[in-house]
Amino acid sequence: MMAAMLTTTTTMILPLLLCALSACALPAGTAALPLPGSSVQLQVRYFDQILDHFNFNSQGDKTYKQRYLVSDQYWEKGVGPIFFYTGNEGDIWAFANNTGFMIELAQEFKALIVFAEHRYYGESLPFGKDSFRLDTIGLLTIEQALADFAVLLDSIKQNFGAQKSKVVSFGGSYGGMLSAYFRMHYPHLVDAALAASAPIPFVSGQGDPLQFFRDVTADFEKYNPKCPDIVRAGFIELKKLADKQEWAQIAQRMRLCQAPSSAADVRHMYGWARNTFTYLAMLDYPYAASFMGSLPANPVNVACDLLLNSKDPLDGLMQAVALFYNTSGTAKCLDPAAEFIECADPTGCGLGPDSLAWDYQACTEINLLCSTNNVSDMFPALPYTAAARREYCAKRWGVVPRETWLATQYWGKDVNSSSNIIFSNGNLDPWGNGGFQHDVGGNVAVKVIGGAHHLDLRYSNPADPESVVTARKLESALLHTWLAV
């Protein structure tokens with residue numbers, strides 16, 4: 001998936017407070033929770049959120065507990081703006097811990113900080129453990145999630161005495177899409193948006209299905225043109241062994257916990273291995289990071305060096321895969337069945353309950369028809385067609401994807417009538433070319449040369465390329481201008 005958690009890497013933190021109302025205060029003496037790398041303290045709160053915003057008969061006045069994190073530590077009360085993170089496909093703490101630029105800007109702008117969790121993710125489960133049944137998951141839509149944010153924001157403004165405060169929505173990847181949609185659909189509530197690495201045209205079905213994995217390949221080619229050739233050769237060796245049904249040999253060479261035993265197992269292994277390079281490219285940060293996995297600095301370069309120094313291509317492929325799935329080096333073997341789940345998103349749905357929600361969204365509104373062809377990319381030919389998606393989604397969730405719905409309901413690439421949205425993209429991010437590369441309408445495109453997946457949203461770091469420093473300065477200046485109007 002675009003940015004969903006592969007595993008729960010965020011420190012598990014128990015909520016400090018259960019509130020019936022969204023803006024109830026923490027009891028005297030209750031400590032808030034600090035963010036790593038920051039002095040800001042975030043309070044955990046729960047809001048009684050409407051279950052179904054658009055059908056008065058379906059759920060009546062039923063509500064669910066929507067989790068959000070808030071801090072007024074930097075806020076100039078009643079005057080400063082509200083910085084509102086539109087939570088995406090995972091536990092809200094994962095995004096709070098990896099969106100340090102918003103925290104830095106909040107101190108500069110004297111803003112109230114809010115991180116709102118997306119329904120059906122993290123702890124914000126409308127039907128608890130039964131949220132992923134076929135008869136309960138239907139309330140998982142972008143429209144419902146945006147309405148959640150709008151209702152929550154209204155309540156926060158009222159309860160914090162922030163009726164005059166202007167609002168900036170923030171988000172990265174799917175969260176970046178939501179931050180832009182929030183500004184577009186609720187412009188009376190949201191004054192500006194920073195949508196980082198938001199592939200809005202692509203997921204609206206208006207992109208090239210081969211673009212994503214072509215750009216993954218290009219990232220490795222930028223470091224050394226020989227790297228993609230070694231990856232291709234590694235997959236070819238793997239296929240030769242599979243064609244001969246040398247299952248034990250495959251297990252030995254790839255250090256698998258269990259040998260494959262069928263063509264279906266081999267196809268799954270291809271997807272598992274391809275997933276490695278997807279995330280190495282997305283998370284190609286200039287410093288070590290633990291977002292969607294724990295990786296060293298410049299992981300694409302590290303993987304390429306492993307490939308270049310390997311004894312043969314298959315050994316190189318194994319080492320690159322192990323860099324991602326066994327970063328610590330402590331696992332005795334690799335387990336494709338446990339480490340990768342095929343789903344409606346060929347870029348990966350991750351593991352755990354959040355993966356179910358994302359799989360459903362990829363089966364309904366979000367169009368992720370990414371294919372590999374072994375011509376424009378370095379991977380085995382694994383086509384993913386609209387027909388294959390429909391077949392899978394009907395079997396798994398009993399739904400038929402609406403392939404053009406995002407372009408109809410959420411404008412797709414035709415955002416000329418919107419304004420005050422920053423669309424930022426890094427040239428190392430394989431999602432970048434699926435987003436806006438040029439200014440459109442009253443919106444500004446910011447390019448981050450040497451930047452991977454929403455690098456500009458992360459905390460400032462001494463290893464940041466100068467381009468991301470420049471991008472953040474531009475983003476700050478634009479928000480100052482837009483909020484001053």
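Reader: How many of the 12 residues of helix H13 are buried?

Author: This is a predicted model, in which local features need pLDDT of at least 70, side-chain atom pairs count only at pLDDT 80 or more, and totals for chains, interfaces and linings use all residues. Buried means under 20% relative accessible area, exposed over 50%, and partly exposed in between (1.4 Å probe, protein chains only). H13 is largely enclosed by the rest of the structure, because the number of its 12 residues that are buried is 10.

Reader: Which helices do the buried residues of H13 pack against?

Author: Helices (H or I, at least four residues) and strands (E, at least two) are DSSP runs, numbered from the N terminus. The buried residues of H13 include Asp354, Trp358, Tyr360 and Cys363. Counting a contact as heavy atoms within 4.5 Å, the buried residues of H13 pack against H3 (142-159), H4 (174-185) and H14.

Reader: How far apart are the end C-alpha atoms of H14?

Author: The expected span of a helix is 1.5 Å times one less than its number of residues. H14 covers residues 386-397, 12 residues in all, so its span should be 16 Å. The model agrees with this, as the end C-alpha atoms of H14 are separated by 16 Å.

Reader: What arc do the buried residues of H14 cover around the axis?

Author: Arg389, Cys393 and Trp397 are buried in H14. They lie on the same side of H14, because the arc they cover is only 25°. That arc is taken from the directions from the helix axis to the C-beta atoms. Helix H13 (353-364) is among the elements covering these buried residues, and the arc is 25°.

Reader: What covers the buried residues of H6?

Author: H6 has 13 residues and reaches 19 Å from its first C-alpha to its last, close to the 18 Å expected. Its buried residues include Phe212, Phe213, Val216 and Phe220. Among the elements that cover the buried residues of H6 are helix H5 (200-206), H7, H9 and H10.

Reader: Is Pro225 buried or exposed?

Author: Pro225 sits in the loop between helix H6 (211-223) and helix H7 (226-243). Its C-alpha is 9.7 Å from that of Cys304, a residue 79 places away in sequence. With a relative accessible area of 52%, Pro225 is exposed.

Reader: What is the phi of Asn298?

Author: Most residues other than glycine have a negative phi. Arg255, in the loop between helix H8 (247-254) and helix H9 (263-282), is not a glycine and yet has a positive phi of about 55°. Asn298 is in the loop between H9 and helix H10 (299-308) and is partly exposed at 30% relative accessibility. Asn298 is a residue other than glycine, and its phi is positive, near 50°.

Reader: Is Phe83 buried or exposed?

Author: Phe83 lies in strand S4 (residues 82-86). Not counting residues up to four places away in sequence, the residues it touches include Met102, Leu105, Phe109, Val114 and Phe170. Its relative accessible area is 0%, so Phe83 is buried.

Reader: How much space lies in the largest cavity?

Author: On a 1 Å grid over the protein atoms alone, a cavity is a set of points where a 1.4 Å probe fits but cannot get out, and lining residues have an atom within 4 Å of a point. Grid points are joined across faces, edges and corners, and a volume is the space filled by probe spheres set on the points. By this rule there are four cavities of 30 Å³ or more. The space in the largest cavity is about 60 Å³.

Reader: How many charged residues does the lining of the largest cavity have?

Author: The lining of the largest cavity includes Tyr85, Asn88, Phe95, Gly172 and His454. Ala, Val, Leu, Ile, Met, Phe, Trp, Tyr, Cys and Pro count as nonpolar, Asp, Glu, Lys and Arg as charged, and the others, Gly among them, as polar. The lining has five nonpolar and five polar residues, and the number of charged residues is none.

Note on methods:
Residues numbered from 1 in each chain as written. Heavy atoms only, no water. 1 Å grid on protein atoms, 1.4 Å probe; cavity = no way out; pocket = protein on both sides within 12 Å on 5 of 7 lines; lining within 4 Å.
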